[in-house]
Amino acid sequence: MTDQTAQTDQTTDTSRRSWLREHSELGVGLFLFAIGLLVLTDALTMDVDIAQRGPIGPRTVPVVVGAGLLVVAVLLAVDVLRGGRGEAEGGEDVDLSEPGDWRTVLLLAGVFLAFAVLIGPLGFPVAGALLFWGSAFALGSRHLDRDPLIAAALSLATYFVFDNLLGVPLPGGPLMGVL
């Protein structure tokens, strides 16, 4: 291979990488398009009993969301190909040179995992109170006298709204007879 051919290949490779860097938002558009297709395929192949169908059936929302994802993906691709660029993250009050706060992320993940494990045996009111209090603690609140009371009130209010007002049954756990 001659030097000129190698130089041409290298220039082509560099320009291709440069073009991909300048149009990296197309990856987001491709991802949105794939998710939209997945949602539409799942919605259109859903088994719907004829008795359940009405003017708005169980397919309506997934079809609207899937179609919306496809439209947004196409509009994003058109905008990027016309030269549109996403703004840099200069507007946020975040120091991008600082590392992430993995302690908080891991504490929150642990709280959510504990909630998922405890909701069955303890019920929503107790597990929800632990979720709300643990989340407040993980995010930096250190009011050990006030936070558990607020968490318990939020959990009980959420339980009553969902269970009594909205008709969505939540597990009551050992407090089922009391509540």
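## A tour from ring to helix pair

Start by selecting arginine 142 and phenylalanine 137. Arginine 142 lies over the face of phenylalanine 137, at 3.9 Å from the ring centre. Keep in mind that this is a predicted model.

Now zoom out to the whole chain. It has 6 helices and 0 strands. Followed along the sequence, the pattern reads α-α-α-α-α-α. Of the 179 residues, 20% are buried. Among contacts with a separation of 6 or more, 57% join residues 24 or more positions apart.

Next, select residues 102–122, helix α4, and residues 124–138, helix α5. Their axes are 8 Å apart and cross at an angle of about 175°. Angles over 145 degrees count as roughly antiparallel, and α4 and α5 are therefore roughly antiparallel to each other.

Show the side chains where these two helices meet. On α4, pick out Thr104, Leu107, Leu108, Val111, Phe112, Phe115, Leu118, Ile119 and Leu122. Their partners on α5 are Phe124, Val126, Ala127, Gly128, Leu130, Leu131, Gly134, Ser135 and Ala138. Colour this contact by residue class: 14 residues are nonpolar, 4 are polar and none is charged.

Last stop: the aromatic pairs. The structure holds 3 of them. For one, select tyrosine 159 and phenylalanine 160. Their ring centres are 5.9 Å apart and their planes stand at 70°, so the pair is edge-to-face.

Which of the two residues is buried, and which is partly exposed? Tyrosine 159 is buried, with a relative accessible area of 3%. Phenylalanine 160 is partly exposed, at 33%.

Key. Residues are numbered from 1 along each chain as its sequence is written. This is a predicted model: local features need pLDDT of at least 70, side-chain atom pairs count only at pLDDT 80 or more; totals for chains, interfaces and linings use all residues. Side-chain values use heavy atoms; hydrogens and water are left out. Axes are lines fitted to C-alpha atoms, for helices over the stretch in contact, and angles run from 0 to 180 degrees between N-to-C directions. Helices (H or I, at least four residues) and strands (E, at least two) are DSSP runs, numbered from the N terminus. Angles under 35 degrees count as roughly parallel, over 145 as roughly antiparallel, 65 to 115 as roughly perpendicular and the rest as oblique. Contact means heavy atoms within 4.5 Å. Ala, Val, Leu, Ile, Met, Phe, Trp, Tyr, Cys and Pro count as nonpolar, Asp, Glu, Lys and Arg as charged, and the others, Gly among them, as polar. Rings of Phe, Tyr and Trp (its six-membered ring) pair if their centres lie within 6.5 Å; planes under 30 degrees apart count as stacked, over 60 as edge-to-face and the rest as tilted. Buried means under 20% relative accessible area, exposed over 50%, partly exposed in between (1.4 Å probe, protein chains only). A charge sits over a ring if NZ of Lys or CZ of Arg is within 6 Å of the ring centre and within 35 degrees of the ring normal.
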